[in-house]
Amino acid sequence: MTDMRTATKLRRYAPAVAVALSLAFVWADTPWAQTAQGRVIYMAAIEPRGGAQQDKEPFPQTPLPAGDGYRKTPPDANGRWEVVTYQWSPGTIVVREGEAVTLEIVGINGDVHPSTIPGIVDSFTVKRGEVTRVTFTAAKPGLYPITCTKHTPSMQGTLVVLPK
Ligand SMILES: [Cu+2]
């Protein structure tokens, strides 16, 4: 009889339990539930841009270094030329050995940035209009490049891990 009653109760509460479980999963998926760990360092993928009128400032013929990190466009129909570069902002970040760190990186310019911090984080991707959180504990002091493998060579920052 006890088993029967338990089974009836389970059947009665099953829908409520299902709703509670699905709400819990929805909540876990919302950005404000994804708590950052340790110290949060805010970064952005940016694309500083400059340009000039050909008649005032001639288009520099010297090519920029190869790689998608630099782009120079010759004068358009109105005589305006432009130059851009992709970068991390800030370019240098400093943490302490043993510190738990979260990089919260927003994509501002460029559709996608496939990236790595060799020896610290194998790979992560920053997308425009989204925030990517990269969490790690800096185990060993040293200098580590923060590299976007698409926008070479300019989109490379430095992670400085200070000894304790
Ligand atoms: Cu990039």
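Good morning. The ideal value for four tetrahedral donors is 109.5 degrees.

Two remarks on the basis of these values. This is a predicted model, in which local features need pLDDT of at least 70 and side-chain atom pairs count only at pLDDT 80 or more, while totals for chains, interfaces and linings use all residues. Residues are numbered from 1 along each chain as its sequence is written, and side-chain values use heavy atoms, with hydrogens and water left out.

His113 sits in strand E8 (residues 112-117) and Met155 in the loop between strand E11 (142-148) and strand E12 (156-162), 42 residues apart. Strands are DSSP runs of at least two residues, numbered from the N terminus. His113 is buried, at 0% relative accessible area, and Met155 is likewise buried at 0%. Buried means under 20%, exposed over 50% and partly exposed in between, with a 1.4 Å probe and protein chains only.

The largest nonpolar core has 24 residues, of which Trp88, Leu103, Ile117, Phe124, Phe136 and Leu159 touch the most other members. Such a core joins buried Ala, Val, Leu, Ile, Met, Phe, Trp, Tyr and Cys residues through side-chain atoms within 4.5 Å. Strands that each supply at least two residues of this core include E1 (39-46), E11 and E12.

Finally, the charged pairs. The count comes to 7 salt bridges, each requiring a side-chain nitrogen of Lys or Arg within 4 Å of a carboxyl oxygen of Asp or Glu. Arg39 and Glu99 form one at 2.7 Å, N to O, and link strand E1 to the loop between E6 and E7, 60 residues apart. Glu47, which is buried at 12%, pairs with Arg49 at 3.5 Å and with Arg71 at 3.3 Å. Arg71 is partly exposed at 37%. Glu47, Arg49, Arg71, Arg80 and Glu82 are linked in a network of salt bridges.

Key
Helix = DSSP H or I, 4+ residues; strand = E, 2+ residues; numbered from the N terminus.
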